[in-house]
Structures are given as C-alpha cells and as structure tokens.
Amino acid sequence: MKRILVSACLLGQPVRYDGRAKGKGEGLLALWRAEGRLVPLCPEIAGGFSVPRAPAEIEPGASGAEVLTGGARILDTTGRDVTGGFLAGAEAAVALARKTGCAFALLTEGSPSCGVARIHAGHFDGTTRPGEGVVAAALRTAGVAVYGHDRAEELARRLAQVE
Ligand code: SF4
C-alpha cells in the first residue's frame with residue numbers, strides 16, 4: 001500500500017498561521033486515513049513556527065525552488081526574513097517522506113510551503129500566481145509525486161494504477 005504525506009491542515013489540524021485548519025479530512029482523505037495510508041505533517045510547525053504566526057509569502061517573482069537554492073527569501077508581514085524556518089520545514093518533510101516511504105504527497109495549494117501549482121504573489125494582498133512552495137519543490141526534487149489538495153481524485157486514480 002502506497003503511503004501519502006499530507007498537509008496536516010487538510011485533516012482538521014488547526015496549524016495554519018491564523019490558527020485554523022484548511023479542511024476536515026473528509027471524502028478520500030477519510031478513506032485514506034482509515035486505510036492507514038496518511039502521514040500528516042505541518043512543515044511550518046516542524047520548522048519551528050508557532051500558531052498563530054504572521055503570514056509569510058515568497059518574494060515576488062520567485063518560487064520554492066529558488067528559495068531552496070538561496071536565490072529568493074520568504075518574508076512575513078512584519079518584514080522579517082523567515083526563510084530559515086521554511087527551509088527547516090522542507091527538510092523535515094523530505095526526511096519524513098523518506099523515513100515512512102511516501103512516494104506521494106497531497107499538499108495545500110497557495111501556501112509558501114505546501115503550494116503545488118499556486119502560491120501567493122508576494123504582495124500580501126491576497127493575489128496568487130502559478131508556482132510552488134518550498135516543501136513541494138523539495139519533495140518533488142526528492143522524487144515524491146506531489147499533488148495539490150484539489151487533485152485528490154487524480155491521485156486516487158494514480159494509486160489505483162500503481163497498486
Ligand atoms: S505549512 Fe502546509 S500543513 Fe502547515 S498550515 Fe501551511 S499549508 Fe497547512
């Protein structure tokens with residue numbers, strides 16, 4: 001059975017910057033949880049951040065891969081450079097995926113950590129743009145197939161093919 005690393009906030013854990021969750025772990029997530037497939041992680045908590053925390057975004061024009069290679073930073077709304085904590089969270093995600101044998105990940109879209117196809121634009125005005133977060137980039141580089149949370153059904157079809 002293939003295991004799936006999953007953003008903890010999708011399972012109802014109140015770990016987002018504002019102390020809220022992103023979902024309740026319903027539907028396919030409930031099925032996968034009952035199967036014992038899910039490996040939940042909040043990379044930002046693993047990276048040392050607390051709840052609540054100031055919202056943070058990748059610098060305008062950059063994406064997670066550039067943050068990983070030192071070419072861009074992540075700043076919070078106070079202007080603080082919080083890149084180090086995000087990198088620590090990405091490292092923790094890759095380490096956990098390796099330790100638990102996760103070849104797949106289902107991650108929360110829009111986040112500077114977990115975003116797969118979309119991240120906030122870096123202006124703290126609610127706008128988003130195509131791009132991936134640091135965790136998605138690190139997992140992808142490590143060979144994990146990453147899916148945004150809105151692609152759970154596609155992941156289910158992929159699992160059916162490989163199992
Ligand atoms: S880092 Fe990922 S798991 Fe943690 S709150 Fe943000 S989107 Fe959710």
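Helix H4 (residues 83-100) and helix H5 (residues 134-141) approach each other with their axes within 9 Å, crossing at roughly 35°. Here the axes are lines fitted to C-alpha atoms over the stretch in contact, with angles running from 0 to 180 degrees between N-to-C directions. Helices (H or I, at least four residues) and strands (E, at least two) are DSSP runs numbered from the N terminus. The crossing is right-handed, meaning that the near helix is turned clockwise from the far one by less than a right angle. On the H4 side, the contact uses Phe-86, Leu-87, Gly-89, Ala-90, Ala-93, Val-94 and Ala-97, and H5 brings Val-134, Val-135, Ala-138 and Leu-139. Contact requires C-beta atoms, placed from the backbone, within 7 Å. These residues comprise 10 nonpolar, one polar and no charged (Ala, Val, Leu, Ile, Met, Phe, Trp, Tyr, Cys and Pro are nonpolar; Asp, Glu, Lys and Arg are charged; the others, Gly among them, are polar).

A word on the model: it is predicted, with local features needing pLDDT of at least 70 and side-chain atom pairs pLDDT 80 or more, while totals for chains, interfaces and linings use all residues. Numbering starts from 1 along each chain as its sequence is written.

Now look at Val-6, which sits in strand E1 (residues 3-7). Val-6 counts as buried because it has 27 C-beta neighbours inside 10 Å (20 or more is buried, 12 or fewer exposed, in between partly exposed). Beyond four places in sequence, Val-6 touches Leu-11, Leu-38, Val-39, Pro-40 and Leu-106.

Finally, the ligand is surrounded by 13 residues, the closest being Ser-7, Cys-9, Cys-42, Thr-108 and Cys-114; a residue qualifies with its C-beta atom within 6 Å. This shell has six nonpolar, four polar and three charged residues.

Conventions: Two residues are in contact if their C-beta atoms, placed from the backbone, lie within 7 Å.
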